[in-house]
Amino acid sequence: MEVLLPSLARGLGIGSTYALLAVSFVVIYRATEVVNFAQPALMILGAYFTALFVITVGLPFPVGVLAAMVAMAAVGAITERIAMRPLVGQPVFSAAMVTVGAFIVLTIVANRLIGPDILTVGDPWGLDAVSIGGVQVFQVDIAKTVLSLGAIAAVGILLKRSRIGLAMRATSLDQETALAQGVNVGRMFSLAWALSAALAALAGMLIGTGAGGIEATTALVALKALPVIILGGIDSIQGAVIAGLVIGIAESLTRSYQPEYAPWLGANFDIIVPYLILIVSLMVRPYGLFGTPEVQRV
């Protein structure tokens, strides 16, 4: 239990952060049917704005995080307006390629802003731990789990219970019909990008807290959201949560037990565990656990 419980807590913290990133992908996909490959760069910029408001400006940590999320919501909406709005009605593949270009541009901007040094986001939790059943569990793992799942729950309520959520779901189902019913489709696209960027900023803060800090190459961490959305279903928030927790726990347990029981697999084998799960899920259930299968008649 001295190894298992901390490993599970760490896995829940990592997995809930992956789930938060995956939900930020899902929000845009459900509104536009486009996989936003610029999401990793938005995550890094979110961490930068958190450091700017907390470390440089001196705002209290919770206020600085909220300010960073608002700033990134604006960046997301502007990116959609400039790069994506002209592609409305164009093939989805073209729009996805534009998000790759947006990723490159935003990554360059992040590199210039962060520079060669490691960015210190702030560490409100430190190495403090709480005792659960006589076993020490780090507060940072608990904080990651609570904040990520809380944010995901808030997004789920927004999409299911509000008029804005109804309009976004109508837009994702049929843009022309939504327009005919008076829904401002362009505004829904901007809102989806803004919400997604805000979630990415929160995830960037969670990944960047701690002694390790964050740098531009940390954007690669966001790529672990891809196995999550494939396993859970690219259009399912519920699937993103479950898949994120599964992958996070699998990665954490592998990190704890693989060096002892399977050292022949080599060092850092836990890094590739999410992608092994991705390959298996594609072979067994390509639409994911909760994804919507597409049926085409010919």
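Predicted model: local features only at pLDDT ≥ 70, side-chain atom pairs only at ≥ 80, totals over all residues.
Local features need pLDDT of at least 70, side-chain atom pairs count only at pLDDT 80 or more, and totals for chains, interfaces and linings use all residues. Residues are numbered from 1 along each chain as its sequence is written, and side-chain values use heavy atoms, with hydrogens and water left out.

**Helix α5**

- Helix α5 covers residues 139-161. Helices here are DSSP runs of H or I with at least four residues, numbered from the N terminus.
- The 23 residues of α5 should span 33 Å at 1.5 Å a residue, and the end C-alpha atoms are 32 Å apart, which agrees. The expected span is 1.5 Å times one less than the number of residues.
- Buried residues of α5 include Val 140, Asp 141, Ala 143, Lys 144 and Thr 145. Ser 148, Ala 151, Ile 152, Val 155, Gly 156 and Leu 159 are also buried.
- Buried means under 20% relative accessible area, exposed means over 50%, and partly exposed is in between, with a 1.4 Å probe and protein chains only.

**Thr 145 in α5**

- Thr 145 sits in helix α5. Its relative accessible area is 16%, so Thr 145 counts as buried.
- The Thr 145 side chain reaches the backbone oxygen of Leu 12 at 3.5 Å. A polar contact is a pair of N or O atoms within 3.5 Å; within protein, one must be able to donate a hydrogen and the other to accept it, and residues adjacent in sequence count only if both atoms are side-chain atoms.
- Not counting residues up to four places away in sequence, Thr 145 touches Leu 12, Gly 13 and Ser 16. Contact means heavy atoms within 4.5 Å.

**The cavity**

- The whole structure holds one cavity of 30 Å³ or more. A cavity is a set of points on a 1 Å grid over the protein atoms alone where a 1.4 Å probe fits but cannot get out.
- The volume of the largest cavity is about 50 Å³. Grid points are joined across faces, edges and corners, and a volume is the space filled by probe spheres set on the points.
- Val 27, Arg 30, Ala 31, Leu 159, Met 168, Arg 169 and Ser 172 line the largest cavity. Lining residues have an atom within 4 Å of a point.
- Helices α1 (4-32) and α6 (163-173) each supply at least two residues of this lining.
- The lining divides into four nonpolar, one polar and two charged residues. Ala, Val, Leu, Ile, Met, Phe, Trp, Tyr, Cys and Pro count as nonpolar; Asp, Glu, Lys and Arg count as charged; the others, Gly among them, count as polar.

- Ser 24 lies in helix α1. Ser 24 is buried, with a relative accessible area of 0%.
- Leaving aside neighbours within four places in sequence, Ser 24 is in contact with Gln 39, Ser 196, Leu 199 and Ala 200.
- Thr 99 belongs to helix α4 (residues 92-114). Thr 99 is buried, at 0% relative accessibility.
- A polar atom of the Thr 99 side chain lies 3.2 Å from the backbone nitrogen of Phe 37.
- Not counting residues up to four places away in sequence, Thr 99 touches Val 34, Val 35, Asn 36, Phe 37, Ala 38, Met 84 and Trp 193.

**Positive phi in loops**

- Most residues other than glycine have a negative phi.
- Glu 33 is not a glycine, yet has a positive phi of about 60°. Glu 33 is in the loop between α1 and α2 (39-56). Glu 33 is partly exposed, at 44% relative accessible area.
- Asn 268 also has a positive phi, near 60°. Asn 268 lies in the loop between α10 (237-261) and α11 (273-284). Asn 268 is exposed, with a relative accessible area of 52%.

**Partly exposed residues**

- Ile 234 lies in the loop between α9 (225-232) and α10. Ile 234 is partly exposed, with a relative accessible area of 24%.
- Leaving aside neighbours within four places in sequence, Ile 234 is in contact with Val 26, Tyr 29, Val 35 and Ile 229.
- Val 100 is in helix α4. At 28% relative accessibility, Val 100 is partly exposed.

Technical notes
1 Å grid on protein atoms, 1.4 Å probe; cavity = no way out; pocket = protein on both sides within 12 Å on 5 of 7 lines; lining within 4 Å.
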